[in-house]
Amino acid sequence: MNLSHIEHIGIAVKSIDEAKKYYEDVLGLKCYAVEEVKDQKVKTAFFQIGQTKIELLEATSAESPVAKFIEKRGEGIHHIAFATDDTNNALAEAEEKGIKTIDKTSRKGAEGLNIGFLHPKSTFGVLTEFCSK
Ligand code: CMX
């Protein structure tokens, strides 16, 4: 799969405006981008730390996976995203090895990356994302 690093950690929040204050005023990180990903029904806010980003996720609709997550489990870590050189290959390899995939092929995510998810029921409870440029 050629995973190189943790590209980002997704954190589900009720309000980016509220949560942003913690990351900026307490942790001293800088929000460098806010972007809506219509396909995923989320608004995202990004903070860089080393090679990794923190991605805050706010639902833009009641049907958003993030809205459902917060309703069931409350705010908190929502997914871990690994950087790969080819999301489609990584998804195919995981599937070959018996992992349940949410996406068969990649779709466009925030920052124009090609993204795809593995089902948390197959990955010891962690929603897992692959992303590639
Ligand atoms: N992490 C761990 N477990 C999760 C989870 C998450 N993020 N989201 C849901 N689950 C668990 C639920 O708790 C539930 O477990 P139980 O059956 O034990 O109660 C189970 O998965 C099914 O959850 P559900 O609420 O019934 O929701 P769905 O089956 O409709 O959807 C999932 C779950 C993971 C398939 C869906 O949320 C999904 O497709 N996620 C991928 C897309 C996504 O999250 N996009 C937002 C991020 C966008 C971005 O980064 O750009």
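Thr 123 sits in the loop that runs between strand S7 (114-118) and strand S8 (128-132); strands here are DSSP runs of E with at least two residues, helices are runs of H or I with at least four, and both are numbered from the N terminus. The model is a predicted one, so local features need pLDDT of at least 70 and side-chain atom pairs count only at pLDDT 80 or more, while totals for chains, interfaces and linings use all residues. Residues are numbered from 1 along each chain as its sequence is written, and side-chain values use heavy atoms, with hydrogens and water left out.

Despite its place in a loop, Thr 123 counts as buried because its relative accessibility is 16% (buried is under 20% relative accessible area, exposed is over 50%, partly exposed is in between, with a 1.4 Å probe and protein chains only). Leaving aside residues up to four places away in sequence, Thr 123 touches Ile 99, Leu 118 and Thr 128, where a contact means heavy atoms within 4.5 Å.

On to the aromatics: a search of the whole structure turns up 3 aromatic pairs. Rings of Phe, Tyr and Trp (its six-membered ring) pair if their centres lie within 6.5 Å; planes under 30 degrees apart are called stacked, over 60 edge-to-face, and the rest tilted. Tyr 22 and Tyr 23 make an edge-to-face pair, at 4.9 Å centre to centre and 75 degrees between the planes. Tyr 22 is partly exposed at 42% relative accessible area, whereas Tyr 23 is buried at 10%. Tyr 23 also pairs with Phe 47, this time tilted, with 5.3 Å between centres and 35 degrees between planes. Since Tyr 23 belongs to helix H1 (residues 16-26) and Phe 47 to strand S3 (residues 42-49), this pair ties together parts that are 24 residues apart in sequence. Phe 47 is buried, with a relative accessible area of 0%. Put together, Tyr 22, Tyr 23 and Phe 47 form one aromatic cluster.

Then there is the ligand. It is surrounded by 18 residues, the closest being Gln 40, Lys 68, Arg 73, His 78 and Lys 121; a residue is near if one of its heavy atoms lies within 4 Å. An N or O atom in the side chain of Lys 121 is 2.7 Å from a ligand oxygen atom, and one in the side chain of Arg 73 is 3.1 Å from a ligand oxygen atom. His 79 places a polar side-chain atom 3.4 Å from an oxygen atom of the ligand. Taken alone, the ligand exposes 980 Å², and the protein buries 75% of that (Shrake-Rupley areas, 1.4 Å probe).

Conventions. A polar contact is a pair of N or O atoms within 3.5 Å; within protein, one must be able to donate a hydrogen and the other to accept it, and residues adjacent in sequence count only if both atoms are side-chain atoms.
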